[in-house]
2 protein chains.
Amino acid sequence: MAGQENIINRLTLDRLMQYYHWITENLDPKTEATVSSSQLAKQLTLDDSQIRKDLAVIGVKGQRHVGFDIQEVIVSIRQLLGLSKSHPAVVLGAGRLGGAISSYNGFVSYGLNIVALFDNDPAKIGLMIGGHVVQPLDHLESVIKQSNVLLGILAVPDHAAQESADRVVAAGIRVIWNFSPAHLRLPEDIFVRHERLFVALAQLFYHLNRIDIPNG
Amino acid sequence: MAGQENIINRLTLDRLMQYYHWITENLDPKTEATVSSSQLAKQLTLDDSQIRKDLAVIGVKGQRHVGFDIQEVIVSIRQLLGLSKSHPAVVLGAGRLGGAISSYNGFVSYGLNIVALFDNDPAKIGLMIGGHVVQPLDHLESVIKQSNVLLGILAVPDHAAQESADRVVAAGIRVIWNFSPAHLRLPEDIFVRHERLFVALAQLFYHLNRIDIPNG
């Protein structure tokens, strides 16, 4: 990893992506020059001081009573994240989730470039899913090397997650997006983001339990 | 919604679910009575003071040099979230993502009970996906009423999200799990959790950009 600079944390990065998404989807830089933190806060149900803090982290400062320069916000976030570049990735697991990830256009527009989809199930190999022919795991190492892939997306069953992670890391993967609930043991220089979808149930159930059901 | 008590925030609830998941998957209450915050912190890559704070929010206090009583942690989280109950839900959108959500066992074990899967595409209606026959949207209102469903899961394309949300709310849904990137405008008493998967790309790309690629 590069240098000793402070690493921007997950929550700040997630919010920066939300600002970028909302601005690029909803504002036209041709007619609007600035956006205020209170405008963003209202749209994204966030605190406006949080938004100012996040933008300050990437060196973007607003002007009082004017707001933030839209172009500056967009360009700064694009540069920080390399959104102008194509980021090749491989997906392991061609089940429903792996298929959903491989065929989702919402990722493509940000530069995620899925170059191959793998599975070890002979019944899935050869199928066309989201524009990708499902390949056998035997091809994994050569695909990663040929396309200089550094990002691996794990959509395999829980019991296969550690083995899959070890295998992609051995093949050169440095960043893993893990959709299985498994806790992976990996070398320290491998960055893993866990997308634990089941944790969302906590908030959903908590709010369901607080609803007063009318009698009858 | 009930009373005026403080609402526990999303991040605390997400972490409580992670503690619950890790403890129930990895510790055997027959042989182990306690778990320390530092043990949880190490396993989940979190700060141990954060863990003590989260557990204090739900009234669970550890003993110095001993840790937290495993049974107390489990029972408190189960009660807070109603994990012993079955939570009926409907899924709108029988594409790959809706299919993945409807067939994922990892949700079932926590009490998420998907009672029906809907789509408006005649080619999908009648298909069997993850144990559910895809139903036409015409059936939505009667299913929600019959099964007292309060939770709606939106896995529809972006452009259909607002209309789908309005329709489930009109039918009685009070909590929405939204997988589309759309910003929904809904009555204030409807709780929405947005699962914006694309925001993860920020952290993944940020770490990819910080990797020193060896020459050659």
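**A helix from each chain**

Guide: Gladly! H1(A) and helix H9 (residues 200-209) of chain B pack at an angle of about 115°, their axes lying 7 Å apart. Please keep in mind that this is a predicted model, where local features need pLDDT of at least 70, side-chain atom pairs count only at pLDDT 80 or more, and totals for chains, interfaces and linings use all residues. Residues are numbered from 1 along each chain as its sequence is written, while chains are lettered from A and ligands numbered from 1 in the order in which they are written.

Visitor: What makes H9(B) a helix, and how do you know the angle of about 115°?

Guide: Helices (H or I, at least four residues) and strands (E, at least two) are DSSP runs, numbered from the N terminus. Axes are lines fitted to C-alpha atoms, for helices over the stretch in contact, and angles run from 0 to 180 degrees between N-to-C directions.

Visitor: Which residues make the contact of H1(A) and H9(B)?

Guide: H1(A) brings A:Arg10, A:Leu13, A:Asp14, A:Leu16 and A:Met17, and H9(B) brings B:Leu201, B:Ala202, B:Gln203 and B:Tyr206. Contact here asks for C-beta atoms, placed from the backbone, within 7 Å.

Visitor: Why do 6 of these residues count as nonpolar?

Guide: Ala, Val, Leu, Ile, Met, Phe, Trp, Tyr, Cys and Pro count as nonpolar, Asp, Glu, Lys and Arg as charged, and the others, Gly among them, as polar. The contact of H1(A) with H9(B) therefore divides into 6 nonpolar, 1 polar and 2 charged residues.

Visitor: How many residues does each chain give to the contact of the two chains?

Guide: Chain A gives 51 residues and chain B gives 51 residues. On the side of chain A that touches chain B, H9(A) provides the largest share, 10 residues. That side has 30 nonpolar, 12 polar and 9 charged residues.

Visitor: Why do E3 and E4 of chain A count as paired?

Guide: Two strands pair if DSSP finds at least two bridges between them. Strand E3 (residues 87-92) and strand E4 (residues 112-119) of chain A have 6 bridges, so they pair, and in the parallel sense. A:Pro88 stands opposite A:Asn113 in E4(A). H9(B) also packs on the sheet, touching E3, E4, E7, E8 and E9 of chain A.

Visitor: What is the order of the strands in that sheet?

Guide: The open sheet of 7 strands runs E5-E6-E4-E3-E7-E8-E9 (chain A), with mixed pairing. Its edge strands are E5 (128-129) and E9 of chain A, each pairing on one side only.
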